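Please look over the model shown here. A short report on its local geometry and contacts comes after it.

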Amino acid sequence: MNQQCELCEKEVHGELGVFDGEIGGIGIVVIEEISKRNWILCDGCNVLVCHACCTRPETGYCNACIDRYKLNFDEEGRLVD
Ligand SMILES: [Zn+2]
Ligand SMILES: [Zn+2]
């Protein structure tokens, strides 16, 4: 099934894979990019948006959530208080 942006309804490309990993002997779940993505799944509202519809895709949040929660990020896209 093809996924599409929930804002502009354009088809999106690239996917994430879930792998089993280990850090210091503790099993963890690792999520990695299998192919280059042009979309994000917003950490705030779980909406799927393409990079064209999002001003700060590297942050993992959609524009609506950045506005709603007045989120601030540093240059690398990390959330700052
Ligand atoms: Zn879009
Ligand atoms: Zn959102």
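The report takes the metal sites, the salt bridges, a few strand residues and the backbone in turn.

The model is predicted: local features need pLDDT of at least 70, side-chain atom pairs count only at pLDDT 80 or more, and totals for chains, interfaces and linings use all residues. Residues are numbered from 1 along each chain as its sequence is written, chains are lettered from A and ligands numbered from 1 in the order in which they are written, and side-chain values use heavy atoms, with hydrogens and water left out.

## Zinc sites

Start with the zinc ion (ligand 1). Its protein donors are Cys5 (SG), Cys8 (SG), Cys50 (SG) and Cys53 (SG), lying 2.3 Å from it. Donors are N, O and S atoms within 2.8 Å of the metal (3.2 Å for Na, K and Ca); water is not among the atoms, so sites may look incomplete. The four donor atoms subtend angles of 106 to 115°, so the arrangement is tetrahedral. Four donors count as tetrahedral if all angles lie between 85 and 135 degrees. Ideal angles at a metal are 109.5 degrees for four tetrahedral donors. Along the chain, the donors of the zinc ion (ligand 1) follow the spacing C-x2-C-x41-C-x2-C. Cys50 counts as buried because its relative accessibility is 6%. Buried means under 20% relative accessible area, exposed over 50%, and partly exposed in between (1.4 Å probe, protein chains only).

Next comes the zinc ion (ligand 2). Cys42 (SG), Cys45 (SG), Cys62 (SG) and Cys65 (SG) are its protein donors, 2.3 Å away. The angles among these four donor atoms are 103 to 114°, and the site is tetrahedral. In sequence, the donor residues of the zinc ion (ligand 2) are spaced C-x2-C-x16-C-x2-C. Cys62 and Cys65 are both buried.

How many salt bridges does the structure hold? There are five. A salt bridge is a side-chain nitrogen of Lys or Arg within 4 Å of a carboxyl oxygen of Asp or Glu.

| Glu33 | Arg37 | 3.2 Å |

Glu58 is partly exposed, because its relative accessibility is 43%. Arg56 is also partly exposed, at 26%. Asp74 is buried, with a relative accessible area of 18%. Salt bridges that share partners join Glu33, Lys36 and Arg37 into one network. Within it, Glu33 is partly exposed, with a relative accessible area of 39%.

Arg37 lies in the loop between strand S2 (26-35) and strand S3 (39-41). Helices (H or I, at least four residues) and strands (E, at least two) are DSSP runs, numbered from the N terminus. The side chain of Arg37 makes a polar contact with the side chain of Glu33 at 3.2 Å. A polar contact is a pair of N or O atoms within 3.5 Å; within protein, one must be able to donate a hydrogen and the other to accept it, and residues adjacent in sequence count only if both atoms are side-chain atoms. A polar atom of the Arg37 side chain also lies 3.5 Å from the backbone oxygen of Trp39. Not counting residues up to four places away in sequence, Arg37 touches His13, Gly14, Glu15, Leu16 and His51. Contact means heavy atoms within 4.5 Å.

Ile28 sits in strand S2. Its relative accessible area is 31%, so Ile28 is partly exposed. Neighbours within four places in sequence aside, Ile28 is in contact with Phe19, Asp20, Gly21, Glu22 and Ile23.

Ile34 is in strand S2 too. Is Ile34 buried or exposed? Ile34 counts as exposed, because its relative accessibility is 52%. Its C-alpha atom is separated by 5.4 Å from that of Leu16, 18 residues apart along the chain. Leaving aside neighbours within four places in sequence, Ile34 contacts Glu15, Leu16, Gly17 and Phe19.

## Positive phi

Glu9 is not a glycine, yet its phi is positive, near 65°. Glu9 is placed in the segment before strand S1 (15-23). Glu9 counts as exposed, at 56% relative accessibility.

Lys70, also not a glycine, has a positive phi of about 50°. Lys70 is found in the loop between helix H1 (63-68) and strand S5 (72-73). Its relative accessible area is 66%, so Lys70 is exposed.

Key:
Tetrahedral: all angles 85-135°; square planar, octahedral: opposite > 155°, others 65-115°.
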